Amino acid sequence: MKAAVHTAQRHDSALKHVTGQALYIDDMPEPPGTLHGALVLSTIACGRLVKTDFAAASAMPGVVAVLGPQDIPGRNDVAAIGQNEPLFAADRIEFAGQTLAMVVAETLDAARAAAEKVVVEIEAEEPILDIATALARKAYVQAPSTVLRGDPGAAMASAPHRLEAAFSVGGQEHFYLEGQIAFALPGEDGDITVHSSTQHPTEVQHICARLLGCDFNRVTAVVRRLGGGFGGKESNASWVAAAAAVAANHTGRPVKLRLPREVDMMATGKRHGFDYRYTVGFDDEGRVLALDAVLAADAGWSLDLTPGVVARALTHTDNAYWIPHFRAVGYACRTNKQSNTAFRGFGGPQGVVIMEDALDRIAFHLGRDPVEIRALNFYAEGKDETPYGQKIDENHLLRCWAEVKTGGEVERRRAEIDAFNAANPVLKRGLGLFPLKFGISFNLPHMNQAGALVHVYTDGSIRLNHGGTEMGQGLFIKIAQIVAEVFKVDIDRIRASATSTAEVPNTSPTAASTGTDLNGWAAWEAANTIRQRMVAYAAGHFGVAEADIEFADGNVGIAKPGSNQVLSFGELARLCWLGRVSLSSTGYYKTPKIHWDPVAMRGRPFFYFSFGAAMAEVAIDTLTGESRVLRADLVQDCGESLNPAIDLGQIEGAFVQGQGWLTCEELWWDAKGRLRTAGPSTYKIPGSRDVPPVFNVKLLDNAPSREATIFRSKAVGEPPLMLATAVWTALKDAIGAVGNGKVAVRLDAPATPERVLAAVERVRREARTALPST
Amino acid sequence: MADNIRFTLNDKTVEVSGVTPMTTLLDWLRDHRGLRGTKEGCAEGDCGACTVVLERDGRRDAINSCIVLMGQVDGQSVRTVEGLRGAEGGPHPVQTAMAEADATQCGFCTPGFVMSAVAYAGSGGAADPDTIHDALAGNLCRCTGYRPIVEAMTRIAGLAVEPPPASVLPPRTKSVAFDGAFFAPRSLDELLALRAAHPEALLLSGGTDLGLLASRARTPPKQVIHLRHVPELTAISTTSDRISLGAAATYGDVAPALIEAFPALRPYLSRLGSRQIRNMGTIGGNIGTASPIGDMPPVLLALEASLTLVSKRGTREILLDEFFLDYRKTALAPGEIIQAISMPRLWEGETFHCDKVSKRRDQDISTVAGAYRVRIRNGRIEDARLAFGGMAATPRRARAAEAALLKDGFAAAMAAVATDFKPVDDWRGSAAYRLQVAANLLRRLELRIADPGRVLEVETL
């Protein structure tokens, strides 16, 4: 049997990808009469919309309609969880890139040319463009939230050592290669079908209906595949789809809206940048006694998904470490910039960096090895409850740590690097290690549910549908493997169909790494229901016990004393049909055990934790600040992997994406709040040469999930992104070598050549004035 | 006399009608030909999702179809992902290798990578990492982390690939004009006559800059004069003491002569744009656009290059030093074009080095670029030409630093950089950073001269 669970299987669309036959929305044939949309964006970051004038635009050749807020039949609000996030600004202008209007025309070029002709008058006001200003003005998109345990004030006061520090990390553009796109087709009675490149078809359905002022059952959202998502098509795809739907409804014609790269980058949210301040108290050995941290997120102009991002940052500030007295306060700062949103890790990456910074400083302060100081503070027996009250009852930290240290030959290379640095005044090398604990489940318990729909046809072929979206992560092949396993058939017998709100309703986004965990179980339930019916019928038909019926290798064996019989799976399916047995079933799953109090910030938000460890080696040039990752060794816990080939790809890809976040990817707004890095010529994601030339990636073996996950596998989408934190730590190590270990290093991310050079210069200055180290 | 664009697409001759010659090849493929395997990822030649292959001169050259105008395609042989086949009619071995290496995830960038890989395999590329990264530098993937793509490239490195079929289209011998707007002269005389007759027309060479008007800005030029078919503009000649490069010769064409004369250019040229850009972009274009951040001008300034400018009035030589007047302003007179760029080879005692500093090693625009020709005799610096890009409104020599270097040595030269330049703050770097890096690059130069074998760049580790 081909493609059972726990085997390496290629992405189901791989051959279509390489031959160019995989269809993305922009590749679908357009029905006659299809119109194209182009958006009008604000070039002002903050102010009041005085007027818009569509006359000149409407008069342009090929223009069919110019739509503004007055043309939305329902509510002009595309907010995912909050409200007052208009599709087209009606009054307030909140960021440069905000959508004001949309031109719909016979051709894309006609639409774009006319969009230039929309006259906009805005009374500009002074924008808030950074976290510090927002904090000073108490400009928040939500009230601050706190995770608290013990008495950090008292513990800090009595701690033998205390250190304070501050640093910041930048945001990150998703840079999915396929830009945001939706294609809306009007049907009978005002029905709309929207093909959307979305991670959240149900939200597309809801928001389209909200803007159209119709029932949800009038809107069908369909998604075959995305050309990358990474969180950027969780909430942001919905407004793009809604704009297309409103235009299709208005004109009665199919409307395609594809955002050109620059518009996409100007208009859509990104990963939240954070500013941090913290105080850490510790003993002479380097054991952390208390942490008091402030995490201030740049939410951008609106709520979007910021509450979840801040909650995840706060619940990941502890990362792998036992911190008896703990306070982390999260601010969601309101700035006049793109409304920041989900991005792989969803606040987790911004949470885990704090302790990595603190432990480096502790090690430096005590003159100890930062690698040992980390392990000393790991969660362990008796020190196994998170600050938000979740017990850690499965812990692979030490295993991952040991594997990465052994595989990476940490001692030998440490000595080698120290020798290199002593001999080289210009180039410096550095080593960084990072342990990971990452919680799996949506922080909001109600989102942890999923549905699936499986049909078995009378030839034994199987159609599979579920609520998850395929964005390259290999969800479809994994779920097909699960269904194949249930029926013991070859995976070629299973046809996965496009995700659709008409087939499986009320779904959660494919996000938070949960795609397989949730939809996999739902599909298993659906398939197993059918299988049970088939078994029951076969037992009656052949007069045997159910236990005597065995599915194997595409066949069904009927064990009857003296007359064993074998049918193909298809023959049994046909037999069941003749016997009037339903061969179609839904399946449903909800994650057990989880609960969360969002006010107290306590509970068990995560079904389980995923673990990992990383070691990175870098080199920096102290003349230019240029850096390079020379080697990375990763170990990632995937439970008992459903598909090691897919999981390996997720780990490698996530790491490189995390490396980009922390190094070369820099978002830059000018003094007026306009994003000036709105394309790949100015915004630099890693290229092939940036991947560590030595890149050893291992799935933690023999580690089936302790919880009842689908076939004891674990989620893999997000956790390995954080393994790239080791690169940042390694860069700090290399920079520290400039001061011969006499000065602690502050390095803000992204560690561009400019920031690395600034850190080098700071260390040089301070090393000159530092007292000889004791 | 209506000329039609004719070219070979996936082995078939096509005659293009119903679109302007300013339509991009990508738009034509997708919207007019229905070939939608080739993708638009950025429409600015930076992501590679639109990569197709030009089959020319027995080679396969990857190019960005998003910034190529249909007029440029006339007479060419283009292969897209739909035109790939294996010997038995199934997938091409490159496609199979990519699939088998798990080198696809979301798949959107994949056809572009496949075409870059086909160009690589078809050129007999070696399996060493540097060659592979050079071949992939113009393609971005956001999913895989590249490791499996590089692995697929390694697998296809030794692939036996037939040379591309020769074009069946006879080369044009006479000038053509498409839509009365896209002029493609075949001789210098015709070019000069067209230039005089159409002073408003834009000169189109490789189009790696100009193409963005059509692709990203969606405001294609009204008239262009295409320079690439003028033999007098594409010639490359070398003598024992000079190198002369046709202004419309591509980077790919000029690289061997340049690297042979100035070996320090090998890594530098591999960082200029990407393979796709170097297959189209021309050295004259890089000068003619007069961008302050073009990569070639600092090099050419340091190398004491001069330009041959030609018009109906005649020919003149001008030092590149005198060519850049102000931001995007040049000494080019009306009706005049750059015909060739020439420079002396290094004299005895002369050494040449160059640097590029950017956020990403490959396919990035310089924050600061520096190039230096220094003559040393008997341990004494006798002459120095230090030129920088990204430091001023034009690429420029650091004359105060040059003087200080001759008089008082490197420390003085480093200090003098701040009097030479008043750079700007922008997304590529602050003014302070640029000044510091420019000065520090002179320190790197000093170390290079003192100890030529020493490893001084992270990329050589």
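In this predicted model, the domain assignment of chain A gives four units: domain 1 (33-126 + 174-267), domain 2 (128-158 + 278-339 + 346-388), domain 3 (394-442 + 605-774) and domain 4 (449-590). Between the C-alpha centres of domain 1 of chain A and domain 2 of chain A the distance is 37 Å. Where these two domains meet, 13 residues of domain 1 of chain A are in contact with 11 residues of domain 2 of chain A. On the domain 1 side of that contact, six residues are nonpolar, four are polar and three are charged.

Strand 2 (residues 47-53) of chain A runs antiparallel to strand 4 of chain A, and two bridges join them. Within this pair, A:Gly47 stands opposite A:Ile93 of strand 4 of chain A. As a reminder, strands of a sheet pair through backbone hydrogen bonds, either parallel or antiparallel.

The largest nonpolar core comprises 360 residues, and A:Cys208, A:Ala244 and A:Ala245 have the most contacts inside it. Helix 7 (residues 236-251) of chain A is the element that gives the most to this core, with 11 residues. For A:Ala244, setting aside residues up to four places away in sequence, the contacts are A:Gly37, A:Ala182, A:Phe183, A:Ala184, A:Val194, A:Val255, A:Lys256 and A:Leu257. There is also a second, separate core of 43 residues, which includes A:Ala452, A:Ile462, A:Met534 and A:Ile710. In soluble globular proteins, nonpolar side chains tend to be buried together.

One loop residue of chain A also deserves a visit. A:Thr501 sits in the loop between strand 20 (499-500) and helix 15 (515-542) of chain A. A:Thr501 counts as buried because it has 25 C-beta neighbours inside 10 Å, and 20 or more are needed for that class. Leaving out neighbours within four places in sequence, A:Thr501 is in contact with A:Pro201, A:Thr202, A:Gln205, A:Thr220 and A:Ala221.

Chain B, for its part, is divided into domain 1 (5-156), domain 2 (176-226), domain 3 (231-344) and domain 4 (350-452). Taken over C-alpha atoms, the centres of domain 1 of chain B and domain 3 of chain B are 28 Å apart. Contact between this pair involves 13 residues of domain 1 of chain B and seven residues of domain 3 of chain B. On the domain 1 side, strand 4 (59-64) and helix 5 of chain B are the elements that give two or more residues, and the largest share, four residues, comes from strand 4 of chain B. By class, that side has five nonpolar, six polar and two charged residues.

Finally, the two chains meet through 65 residues of chain B in contact with 69 residues of chain A. On the chain B side, at least two residues each are supplied by helix 3 (93-100), helix 4 (110-122), helix 5 (129-136), helix 6 (147-156) and helix 17 (431-450) of chain B. Helix 17 of chain B provides the largest share, seven residues. The chain B side divides into 32 nonpolar, 15 polar and 18 charged residues.

Methods: Residues are numbered from 1 along each chain as its sequence is written. Chains are lettered from A and ligands numbered from 1 in the order in which they are written. This is a predicted model: local features need pLDDT of at least 70, side-chain atom pairs count only at pLDDT 80 or more; totals for chains, interfaces and linings use all residues. Ala, Val, Leu, Ile, Met, Phe, Trp, Tyr, Cys and Pro count as nonpolar, Asp, Glu, Lys and Arg as charged, and the others, Gly among them, as polar. Domain bounds come from an automatic or database domain assignment. A residue is buried if 20 or more other C-beta atoms lie within 10 Å of its own, exposed if 12 or fewer, and partly exposed in between; C-beta atoms are placed from the backbone. Two strands pair if DSSP finds at least two bridges between them. A nonpolar core is a set of buried Ala, Val, Leu, Ile, Met, Phe, Trp, Tyr and Cys residues joined through C-beta atoms within 7 Å.
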